[in-house]
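Here are some notes to read alongside the model. Please keep the structure open and find each residue as it comes up.

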Amino acid sequence: MSKVVSVINQKGGVAKTTTSINVAASWSKMGKKVLLVDLDPQSSATHSIFGEREFESTVYDVLVNRVEAKQAIYSSKDFGFDVMPAEILLSGVDIQLAAHYGRERLLKKAIDTVKRKYDVVIVDCSPSLGLLTVNALLASKEVIIPICPEYFSLKGIELILDTINNLRTGLGHKVEVRGIVITRYRNRKITNDVIQKVRDEIGVKVFSNYIPDNISVEEAHHRHVPVNKYAPSSKGAKAYAALSEELWV
Ligand SMILES: Nc1ncnc2c1ncn2[C@@H]1O[C@H](COP(=O)(O)OP(=O)(O)OP(=O)(O)O)[C@@H](O)[C@H]1O
Ligand SMILES: [Mg+2]
């Protein structure tokens, strides 16, 4: 049975996209059939994977123009998985769909039509908790939350957990928070203190494989390949491989 996992954090630049892409690539290397949905108007995942390529249909067309999900799926040989790309027009969906009944469940409906083909669907969310992220949450059974540990991280996580709780009470949808992924980790006292505080104060698992701050992870985006292809023996590639194993169970 396929599962749908969203990667969320309303804070920008915490490695949601980097984590989505590299976990998807590791899972596909593990033999899983993976679909990555880019649900961010910035389209960072789409650009990282495909460069400047243009698409006939994107997730925007699926949500707004009722294009069938299967028409908006493209495979990437280098990454080993399928992608539903994004485009900047997505930034207008909150307003475009404001009067649309059932607007919170459009992504779920779309994913339901294709998910039997996949072991897992991973949704890379934008840094917001608006309609797009609500669509991701309602389509998902599980979420993972990447954080770059810093002083402000705790408040951010609390806000996400509140949003998820509100969906449970408001729309009756239960999502399991699988855990927190520590990204861009540097072994410093101040960072370790924040991680300890997250462990002590937030009742959510912190995955034991941290992703180190590692230049290969960043360079891989520019080469349009996952880090496990760009620099297989780098610390970043090894950490993403180990995290992906930890996440799969
Ligand atoms: N482990 C890492 N080591 C070094 N650089 C990293 C690492 N992870 C992510 N980065 C870099 O940090 C920046 C932000 O990462 P990314 O785009 O994945 O974050 P994001 O949470 O998806 O951002 P946004 O909120 O804008 O969608 C990128 O330039 C990326 O290359
Ligand atoms: Mg992103």
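This is a predicted model: local features need pLDDT of at least 70, side-chain atom pairs count only at pLDDT 80 or more; totals for chains, interfaces and linings use all residues.

1. Helix H7 itself runs over residues 153-171, which makes 19 residues. From the first C-alpha to the last, H7 reaches 27 Å, close to the 27 Å expected at 1.5 Å a residue.

2. Which residues of H7 are buried? They include Ser153, Ile157, Ile160 and Ile164. These residues lie on the same side of H7, because they cover an arc of only 60 degrees around the axis. In general, an α-helix has 3.6 residues a turn, so residues three or four places apart point the same way. The buried residues of H7 pack against H6, strand S6 (142-147), S7 and H8.

3. The other side of H7 carries exposed residues: Lys155, Glu158, Asp162, Asn165, Asn166, Thr169 and Gly170.

4. Helix H8 holds valine 194. Is valine 194 buried or exposed? Valine 194 is buried, because 20 other C-beta atoms lie within 10 Å, and the cut-off for a buried residue is 20 or more. Leaving out residues up to four places away in sequence, valine 194 touches Pro149, Glu150, Tyr151 and Ser153. Tyrosine 151 is 43 residues from valine 194 along the chain, yet their C-alpha atoms are separated by 6.7 Å. Ser153, another of these contacts, is also one of the buried residues of H7.

5. Arginine 184 has a positive phi of about 50 degrees although it is not a glycine. The loop between strand S7 (176-182) and helix H8 (189-201) contains arginine 184. Arginine 184 counts as buried because 22 other C-beta atoms lie within 10 Å.

6. Alanine 15 also has a positive phi, near 80 degrees, and is not a glycine. Its place is in the loop between strand S1 (3-7) and H1. Alanine 15 counts as buried because it has 22 C-beta neighbours inside 10 Å.

7. Helix H1 has 14 residues and reaches 20 Å from its first C-alpha to its last, close to the 20 Å expected at 1.5 Å a residue. Of these 14 residues, 13 are buried, so H1 is mostly covered. Just after H1, glycine 31 takes a positive phi of about 95 degrees.

8. Which residues come nearest to ligand 1? Of the 20 residues around ligand 1, they are Gly12, Lys16, Thr17, Thr18 and Pro127. Helix H1 (16-29) and helix H9 (215-223) are the elements that give two or more residues to this shell. By class, the shell has 5 nonpolar, 10 polar and 5 charged residues.

9. In soluble globular proteins, nonpolar side chains tend to be buried together. The largest nonpolar core here has 74 residues, and Leu36, Val59, Ile122 and Val123 touch the most other members. Helix H6 (residues 131-139) gives the most to this core, with 7 residues. Leucine 36 touches Ser20, Ile21, Ala24, Ala45, Phe81, Val83, Ile122 and Asp124, again not counting residues up to four places away in sequence. One of these contacts, Ile122, is itself among the core residues that touch the most other members.

Methods: Residues are numbered from 1 along each chain as its sequence is written. Chains are lettered from A and ligands numbered from 1 in the order in which they are written. A nonpolar core is a set of buried Ala, Val, Leu, Ile, Met, Phe, Trp, Tyr and Cys residues joined through C-beta atoms within 7 Å. A residue is buried if 20 or more other C-beta atoms lie within 10 Å of its own, exposed if 12 or fewer, and partly exposed in between; C-beta atoms are placed from the backbone. Helices (H or I, at least four residues) and strands (E, at least two) are DSSP runs, numbered from the N terminus. Two residues are in contact if their C-beta atoms, placed from the backbone, lie within 7 Å. A residue is near a molecule or strand if its C-beta atom, placed from the backbone, lies within 6 Å of it. Ala, Val, Leu, Ile, Met, Phe, Trp, Tyr, Cys and Pro count as nonpolar, Asp, Glu, Lys and Arg as charged, and the others, Gly among them, as polar. The expected span of a helix is 1.5 Å times one less than its number of residues. The arc is that of the directions from the helix axis to the C-beta atoms.
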